Amino acid sequence: MDGNGKTASDEKAQRRAEAAESQAADAEALAAYTDAVLEGREPTVAVPAEQAKTVHVLATRAAASRAEGVSPRLRRLIKERVDAAWREVHGTTWTQVLGRLRGALRGYARRPVWAVAVALVVFALAAAFLVEPDRQAIPGTAVGSGDLGVVLIVVGVLAVVALVLGLASRR
Amino acid sequence: MSELTELCDETLAARAKNGDRAAFDILCDRYLPIVCRRLRVLLPVSAVEDVAQEVFVAVVRSIKSYREDAQFRTWVAAIIRHKVADYYRSEQRSPQTVELDPAIHSPSAGSEAWRDQTVALMALQQLKAEYQEVILLRFAEGLPFKGVAESLGVSLEAAKSRYRRAIQALAEALGVEQPDSVVGA
C-alpha cells in the first residue's frame with residue numbers, strides 16, 4: 001500500500017483501465033481518419049504513420065474496385081455457370097416433378113398399411129372395370145376382350161402399382 | 001418478382017434452398033457487385049472474373065447447407081474466403097512460400113507494387129479472418145462503421161477496436177516501418 005492508500009492491485013487495475021481507454025481513443029481516431037480518407041476530406045485527427053499508410057493503400061485499392069462495376073460479359077458468364085450448377089443441384093423441371101411425386105408418395109411408403117390399402121383400391125377398381133366378359137367389346141379397355149387380355153392388363157396394373165410403391169420407398 | 005425483391009437476404013436464401021430459382025436470381029443480383037468488389041481487393045485483376053464464377057457456383061452447390069439463422073452475407077463471405085485461398089493454393093502460393101521482393105517490400109519503393117503486396121498478403125490469410133472481414137466491410141463494401149458493427153453483430157466501439165487491430169496487423173504483416181511519427185492534424 002502506498003502513501004495514498006492504494007494497493008498494488010488497485011494500481012494494476014487503474015493502469016489496465018487507462019490502457020483500455022487509450023486504445024479506445026486510438027480506435028476512434030483511426031476510424032475518423034479512415035472516414036475522412038474514404039470521403040476525400042482532409043483528416044483532422046492524428047494516427048501513427050504506418051496505420052495512415054495502410055489506410056491510404058486500402059482506400060486507393062477500394063476506390064478502384066468500386067469504380068469498375070460488373071461487366072455484362074461477367075454477368076452472362078455467371079448466369080451460365082449458375083444455370084448449370086442449379087440443374088445439378090435441383091434437377092430439371094421433369095426431375096423436380098418426379099422428386100415432388102416421390103416426396104408425396106414417401107408418406108405412403110412409411111405406412112405400409114396405407115400403401116396396401118391404396119394398392120387394393122386400385123386393383124379393385126381395375127378389376128371391376130376390366131372383368132365384364134359378357135358385354136360387347138369397348139376399344140381401349142379390357143371389356144369384352146378374351147381372358148388373356150384381362151390377365152395381361154391386371155398384371156400391367158399390378159406392375160404399375162409395384163413400380164409406384166418402389167419409387168415411393170426409394171431414398 | 002417485385003414482391004420477392006422486398007424480402008431480406010436470409011428469407012430469399014431459405015427460399016432458394018427449397019428450389020426457388022427466382023429468389024436465388026435476386027440474391028445473385030444483390031451479391032454480384034459485393035462479391036466482385038471484395039475479390040478486386042483480394043486478388044490480381046486477371047483472376048477476379050474466374051474466381052467470381054467459382055464463388056457463385058459454390059453458393060449454388062452449398063445452398064442446401066445454408067442455415068436460416070445465419071447471416072447470408074457472412075455465409076457468402078466465408079465462401080469467398082475459401083475460393084480466394086483455393087486460388088492462391090492453385091497458384092502454388094502460400095503464406096510460407098511467398099517471398100516478398102525486397103525491392104518492393106517497402107511502401108516507399110512504389111505504391112503500385114506495394115498495393116500488390118497488400119493484395120497478396122491479405123488473400124494469403126496472413127490476416128485472421130475476423131480482421132480481413134472488418135477491412136473488407138469498410139473498404140470493399142463501403143459500409144460505414146455503424147454498418148460494419150451491425151454486420152459483425154458487435155457494438156460500434158468493438159467494431160472500431162477490431163478495425164484498429166486489423167489495420168495494425170496488416171501494417172505489421174506488410175513490414176511497414178513503425179516510426180514514432182504521426183500523420184494527420
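Helices and strands are DSSP runs, a helix having at least four residues and a strand at least two, and they are numbered from the N terminus. In this predicted model, the elements of chain A run α-β-α-α-α-α-α from the N terminus on. That order holds six helices and one strand.

Chain A has 171 residues, and 13% of them count as buried. Among the contacts in chain A with a separation of 6 or more, 34% are made by residues 24 or more positions apart.

Helix α1 of chain A covers residues 8–38 and has 31 residues. From its first C-alpha to its last, α1(A) reaches 45 Å, close to the 45 Å expected at 1.5 Å a residue. After α1(A) comes Gly40(A), with a positive phi near 75°.

Which residues of α1(A) are buried? They are Ala27(A), Ala29(A), Leu30(A), Ala31(A), Tyr33(A) and Thr34(A). An α-helix has 3.6 residues a turn, so residues three or four places apart point the same way. The buried residues of α1(A) pack against elements of chain A and of chain B, as the table shows.

| Chain | Elements packed against the buried residues of α1(A) |
|---|---|
| A | β1 (47–48), α2 (49–68) |
| B | α8 (129–140), α9 (145–152), α10 (156–173) |

The contact between the chains takes 43 residues from chain A and 45 residues from chain B. On the side of chain A that touches chain B, the elements giving two or more residues are α1, β1, α2 and α3 (72–90). The most come from α2(A), with 16 residues. By class, this side of chain A has 25 nonpolar, nine polar and nine charged residues.

Key: Residues numbered from 1 in each chain as written. Chains lettered and ligands numbered in written order. Predicted model: local features only at pLDDT ≥ 70, side-chain atom pairs only at ≥ 80, totals over all residues. Expected span 1.5 Å × (residues − 1). Buried ≥ 20, exposed ≤ 12 C-beta atoms within 10 Å, placed from the backbone. Contact = placed C-beta atoms within 7 Å. Nonpolar A, V, L, I, M, F, W, Y, C, P; charged D, E, K, R; others polar.
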